[in-house]
Structures are given as C-alpha cells and as structure tokens.
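We will walk through it one stop at a time.

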Amino acid sequence: MREFDKDIPVEALFEEGLSTSRRDFLKWCGITLSAAVLAACEKTPVKYALPYVKKPAEHLPSIADYYATTYFDGQIFQSVLAKVREGRPIKIEGNPSSPLSEGGTHARGQASVLSLYDHTRLQKPKIDGKEADWTALGTALMEQFQAQDAAGKLVYLITPPILSPSLQALIKDWLAAFKNARHIVYAAESYDSLLTAHEAIFGKRVAPTYRFDKAEVIVGFNADFLGTWLDPTTFARQWSKNRQLYGDNTTMSYHVQFESVPTITGLSADRRVALSPMAIRRAMVNLYNRIAELAGQPPLNDDRWDTEKGDIAHVAQRLWEARGKALVVTRSHAPALQAVVAGINLLLNAYGNTIFVQPGCLLRAERDNDFETFLAEAQAGRVGAVIFHQVNPLYTYPQAQALQTALQSIPVSVAISMYEHETAQKCKYVLAEDHYLESWGDAQPYEGLYTLQQPAIAKIFSTKSFAEILLSWLGRQESHLDYLRGYWAKNIYPAYRDAIKAREGGKVQAFWAHTEAPLPVDTEEAFWVRALERGVVDMTTFPQAQPKANWNPAQWAEQLPPMHGDEDGALTLYVYEKVAIGDGTHAGNPWLQEMPDPVSRVAWDNYAIISPVYARKAGLQTNDLIRIKVGETSLELPVYVLPGTDPQTIGVAMGYGRIAGGRAAIGAGKNVFPFLPKLPTGQRICTVPGVSVEKLSGTYQLARIQEWETYVGREYIREASLTAYKADRRAGNHEDPKLISLWWKEHPQPGHRWGMAIDLNLCIGCGACVVACISENNIPVVGRDEIRRGRDMHWIRIDRYFTSTKGHSGKPEEFPAAPPEDFPRAFFQPMLCQHCDHAPCETVCPVLAIAHSSEGINQQVYNRCVGTRYCANNCPYKVRRFNWFDYTNAETWVFNPVDELGRMVLNPDVTVRARGVMEKCSFCTQRIQAGKLEAKKQGRPLRDGDIKTACQQACPTGAIVFGDLNDPESLVSKRTAEPRGYYALAELNVRPSIRYMVKIRNEELPQTQHA
C-alpha cells in the first residue's frame, strides 16, 4: 500500500485520490446500503425487494430492530437478540427473557456476527473443488446415498450435538429412507464420560442440570465451568448470585477449585489448589473416601490422601456440613471418575437440590465409541457414504491420517459447513451452509426449555440450512419455516398449553425463575407470534423426585484408571480449552483471535504453559522455544511461565494450528490434537503422561497485551476475607484521601452525571465485555505484530494481577522487579477510561480535542485530534489508544472489514476513525443519546436501566453497572455508596467516575496453596 510509503508526501496521496473524498464516501455508502436493503427486503415478513425510497414498513432509518434468536456452535449455547440496522445485523445481545443467562453472553456469541460478513465463507456448493449449482446436489445426491444403501453399504451422518427437536425429527425421517443409515454425534471436546456415568447410575443418558445458584459449597476438579465447561454462560450467572455482598447481606458461597493449569474459574475461586492431572485423580477418590467416612459408608479403597497436601479433609468437612446445598463437578474423561464424583454428590444429597438428572441438560450427546466404530467400518470398506455436518474430524481427531486414508475409500463423501475446513477439503461434495443469523430453527438446551431461531437477514450467498438440505433430499417442497411452524403447532404448542394449565392450577412448580408473564395459549397463531418475539418457551417443571440411583462403589472402584504416575516428577501434558477459541471451530474469527486469553493475556497463539518452579529447574523463561515429545509425536512451542501452574504439568490449548477454515485461523499457533490418545472404550482424553521437553535455540515473541504481572505499590486492587468483612464493612478498604484541587472550580453537572460501578467480587475475566465493546464501537483488529508492539486498540481491557511476595513496598524502583508468587492469589479488573472529573488528559491537549461534557463524560473530538499522544502519556490508567495505521481501510489489515461485505458489520452510530487520532471508551455515548431520545418520544423522564453500555449488557455475572450518579435511587448510586467502594489510584485526585468494589474471598488470607 502506497499509504505506508514514508517517501510519498501527504499532498501526493490526496492528488492520487488515495484518501477518501466525500464523493467516495457517499459512493461506498450507497453500495453498502443497497446490498443491505436488498437482503433485508427479502426477509420475512417482507416479500419483495423494494428500492429504499419505498422502504419496508417495519424499518425506520437509524432505528434498530431486535430479533430473538439462538446461538449454538456445538459447544456454547445462548439465547440472544440480534440488533439489526437498515437490514444489517450488527450486534449480538443476550436475551433478557432467557431464564438461563438472563441477558448475559459469552465472548463467542458476541463475536459470531462478524462471521456473517466473512468473504472467506463458502459462497456456493462445490463438487470436486469446483463451484456447482444446488440442483445437482438435491435428489441426485440422494439417489447416490440410496444406491450405496441398496448395495449393502452403510450411510453415516456425523454431526455435533443436535439441540433442535424439529431437526431431530427431520433427521429421523431422512434415516427412515434407508436400511443401513446411521446418525452419530462427534465432538472434539468430549463429554462422553459424564453421560456414560450418569447413564449407568440413573439409567438416563443426559448430562445433569447443575444449579450453582443453589449451592453454598462448590468444589471443582479441572472443570472451568465459568469459562468453557458445559454451559458456562448459565453457570456464571448462577455462580454470581451467591457472590453478591450488598446492603446487609454477608453470606457468600464457598468455592474450592483443584486444577492443573490456571483458569478463570480457578482464579475466581476462594481457594485454589494446583495439582497435576494424575494427582487430581487421587484427590477425587480420596475426597469420596473422606465423605464416605463421615457418612458411615465404606471407602473405595484404602489409599488415603495426605491432609497437608490438598487439604482434602478440610474440603470434605465443608461439603459435609453443607449437604443438600453442596456441589462437586469434574472435567475428567474417565467414566469411573465421573461416577466417583456422582457418588460424592449422592452422599451429599445434591441430586434433587443442586443437581438434577430430571430435567436433564441436552447440550451434549456424543458417544465416542460410535466414531471409532465408523472409522473401523470405513477402513473395512463397509461405508458407502458419509456426511459431515458442522464437524471437522480431520483436524480434531487424534489419528487424522488414518481417518483421511479411510475417507479416500468411501465413494460418496459430503461436508456441510460454512467454511471449507480441513475435512471439507477432502470431501467430494461440499455444501455451503447458512450462518445462524440467516436461517430458521429451534433448540431444546434443557428438557422442557425451548428457544427459537429466526433469520435477521436474507441469505447473503447461495447457501442453505441443514434442514433445507434434508428437505430437498427427501423431495419435500415445504420451506424450512413451514416445516418448523408445523412441528411447533403439532408438538410444542399443545405441550405448553397443558404445562401452563398445570402450573396455574398449582399442580406443578416452574423449574427456572420467571420474570415475565406466560405466553398466550388462546390460539396457535398468538402463541407462535409471541414465542417468536420472546425467543424462549419454558415449560420445565420442578420434579417430584429424581430417578433412582444404582450406585455400586465396588463396581466403579474396579474401573478406576491408575492413581499413580507423577511421584517421580514425570511431566504430564494437559490439553485445555481457551475461553475465546474453544476447540478451534471459530479460530477464523479475528475478534476472538485478538481477544487476549483472560489468564495469560496472550493473543493469537497457543503456547506451552509451565510453572515458575519447573521453569527455574529447566532454565526456561517466557518466549523460549521448546520441543514437547510424547512417543513419536513432537511439537515445537514457545514457553509461557504462568504462576499457579502445577510444576509437573505442561498445559497447551487446543483449537490452534489450523490449515484451513477462515482468514484468521491459518498461521495461529500449533495443533495439539495429534497428542491425544483414546482409551480402549473409545473415550478421548485430555491428559498425556510421560512427556519429555527439550529446550531449543531461539525465541518466539508472544503477543502479550499485559506485560506486568503484579500490582505492587499501586492501589488498583483491594481485597479482604469474608470474616473481616463481616466485622467491618470497610475491610480491605480505607478512606480515600481528601486532597486539595488545583482546578479553579468544579465542572457543573446539574442534570445527568454518568458513572459506573464494577464489582471485583463478580468479575470473572471472561472477556465478553471486551468483544461486545469491539462490536459496538467499530474497534479494529491490529494483528499479532502490532500487539507485540503494545498497539492493541481495545477500549476496555481485563487486567489480571497476581499477588507478590514483596508486598506493598511503595518503592517505584521495585515495581518492574516485583515477581508474583509461585502460587498466588489472582484478580481480574476491567479497566477503561475512568472519565475523570479532573482528567489529566484534558489539561495537556494542545488542540482541545478532549472535552468534558456537562454530564461527566470525557469526550474525544476526532476531527480536532492531531495525534500528539500527550494525553496518553498523561493518563495514569493507560486507557487511551492511538491508531497508528488506517486499520479499517487499508488492505494490509485483512482482518478488518476492508471490503463492501465486511463493512456491513460496522455500527453506523459510531464514527469509523481515520488514522492518527486517539481513541478511548466513550461510555457508549451513542446509547446514551438513543436512550434519551426514546424517553423523550414517550414523553417521560429517563428511567434507571434505560441505558446500558455494551460491556454492562454483555457481562454474564452482572459485575458492571452503569447509570446516573445524580439519581440517588439509581442502581449505580447505590453500588457506589457501598462501603466496599473505592476509586483506582484515588491518591492522584483525578476524581474518576468509575468506582470499584473490594474483592472479598470466603477464606482467610493468604489462601492459595500448592499441594
């Protein structure tokens, strides 16, 4: 790009037309709006494509529409709202009608809107790598399936968990057309052991429904239930309800986490114990033995845990005292260990109180042995056709080479996907699938709870939904909407009508808490319209009793995996999921790649996590290169020394090392799936013992957004124990200094005064707010190299701090040299522009590009800014960002919306900044103005809660509250008045508008330990 050529004067660029003129701006706006309108006008209920001068009746310029829909990627489920402007979905919000998340979201759901406008998506179906027409893939392809079936060959359909009840019914109809067709469920991160254990004990193959909001004592074993495990958005909302210390409440749940590699769940716990994966096996067994002893039951074996290591006796006692209100969870991939944890919960009387097999959780349905059977039959030549829908086993399956060889012998291979990923590239037929915002559908995440999925835009490319493909294969002429509507009229509407009558008659009790009136049941039409509008239909009832448990300790004791393996200091490889990337399905999403990992604060790569203890022993430090070897399999990765890691554990994140599947996926990290062996029963595991490590020459600079680890000498973080808080509500806090102001007079703020309260007790560092801010405010992606230079553009960051052995010396010269403890306590702190009343940035700007509004907002005037960066240097919170390049226009930054399609994701209410200006949080001023306008149109005063910032709305735990500080009845005023409230760096007297709440732990400090 000539724009980046320093030898070309700026005047020449204008003469050459490389800078955007007003005419160019209008031209590109016209193209974008035309494309959006043509797509929007085809969307139901509009039937015709009309010129925008004859706009659709339901669309008003500059007024957003919200459509309730469902997001499920095979891993994370969310009921969401799609915000649509001029026919373009531009933002994802949580659905406040959902009893699961209550409006909270996950980072992956927030980022999902970007993939809608990804030009690297499959735009048409393909046959042998060449674009084809759908007519060649309808009945003709079905005839090939039937020919293989008639020849006695097997026809396999392989999918992720199918939550849609209507799609499940359609799959059954399709399978009925064959004699030898099979449907199996495949998942990269398997929950087969959890399902198998509960099937054996309760006779029902479902994951349990966990209620963390009903638990007073919670114990987790490597289960990152706040970030990645099972249903983290729901669990985060539930967990937070027992962590709120406001008013006279002084009770809080007690959370203990045993884990090998630090996660946001472990770092948010009251007590965290670092153990190797092998030691965690013994910890679970011995926790059962301790609790069985308290219950007067025989132990599983005689192998006792050392009380000083892991403090199992203490944890067992706390659980026993809270029986009926206790909960234990594990990520273990061994069915016997899942059964042991189920046995613990049975002894604690948790089933029916904090855990429910009925109603069950339907988010997982895989059976690993089914895929092993498919592979064996494919190798034997008995498979005639295979269809991969939204699964990518040639990337995620450990023995991918064996699978690829077997795939070559299958006559008919089909991949149905949004991207031409690793598996799709090896299939004869590749069918381009809709984005979820383009298609109809439904979901049943929990028994009795249903959600609807509706399109927010017409299909951008020549794609189809999976249901439409099945309907065409069956030769049925009905549309997907007609099929879905008919299924709901026949199955869901009658069941809901009966459930509401039973609930109103007092015969049953609703399982989930409800804040809204029931849906109308007078007619099916009224029910459908309201259900579509709300997006959620709940008929779940509180069960009278749980299925009878067939618990046989001796039977499961015989199936326990080896309890030894780490006594001699041997290393174990532990493969985990990152919050943003997961199993790699969304590795092509730039927003998720650039979202820093909440724990390591590294973006764009995976790496080998090691403990400081092991690092000193092996002579390693962060960015060193090592070779990890298990048998004949090896992998070269950079090192990241992470405090809190078990010294005998090496942690590596899955989901990286893609060679296809999106613009941001290729070249990011290394693939660790080949390391994962499978058990003889077919279960895939995440722990691999017997790892050797070799230090290599050279280094690899990781893209770290946060270079400092501790907060020594700074008043960023304050904490106290719950015991101290009960004795003194200002425990861990102190009076803010009363300093003399250098300002001549205070800013007059007679009307609104906007401010924010952030509860560190509730912040889990999940990063949903970071991605929500990116989406709302058109924040660009800068890439790995710019991150390495410290040039990230995020307006809000989630700082992660560790405690240090040096304490608070207050000596500046010691700040860089204050290392964290080997096994420290940790804190998450959202940091954004503090909108100071005495803002240091305002006093140093030479061109008055920074102004303080009468409502307390620190405003940035882009067309005045000349990029001196004086304000950034003068900001004590370092929350101002300088955009060094034209990230949103230059083709060099391919991860941003630089084409016409990509620009459809931009929020038209927020300026897209030109290069060379400062950016920062604006308190979502566009939302403030929209809230004021709506109240004015309704002829009423602005109410508390009318305005929510993007970060507040996305937060799954409710840690962030925004509102009017001049309103004494507003929630933000009540939060800021709490004795736990304090201002970050209050001693500087910059008078911020954001008040933090002291972090309270339900444990005496210090509490983090290593066994």
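Start by colouring this predicted model by pLDDT: the chain averages 88, and 90% of its residues reach 70 or more. Now select residues 1-23, where the pLDDT is below 50; this stretch has 22 contacts in the model beyond near neighbours in sequence. Residues 1007-1011 also fall below 50, with 25 contacts beyond near neighbours in sequence. Where pLDDT is low, the predicted coordinates should not be read in detail.

Show the four strands that make up an open, mixed sheet in the order 36-29-38-37. Which strands stand at the edges? They are strand 36 (960-964) and strand 37 (981-982); each has a single partner strand, so one side of each is left without a neighbour in the sheet. Zoom in on strand 29 (residues 754-759), which runs antiparallel to strand 36 and is joined to it by five bridges. Pick Trp754 there and look across to Asp964 in strand 36, which stands opposite.

Now for the rings, with 39 aromatic pairs to explore. Select Phe885 and Tyr887: this pair is edge-to-face, with 6.2 Å centre to centre and 85 degrees between the planes.

Finish with two arginines. Arg658 lies over the face of Tyr395, 5.0 Å from the ring centre, and Arg995 lies over the face of Tyr983, at 4.6 Å from the ring centre.

Methods. Residues numbered from 1 in each chain as written. Predicted model: local features only at pLDDT ≥ 70, side-chain atom pairs only at ≥ 80, totals over all residues. Heavy atoms only, no water. pLDDT = per-residue confidence, 0-100. Contact = heavy atoms within 4.5 Å. Pairing = 2+ DSSP bridges. Helix = DSSP H or I, 4+ residues; strand = E, 2+ residues; numbered from the N terminus. Phe/Tyr/Trp six-rings, centres within 6.5 Å; stacked < 30°, edge-to-face > 60°. Lys NZ or Arg CZ within 6 Å of the ring centre and 35° of its normal.
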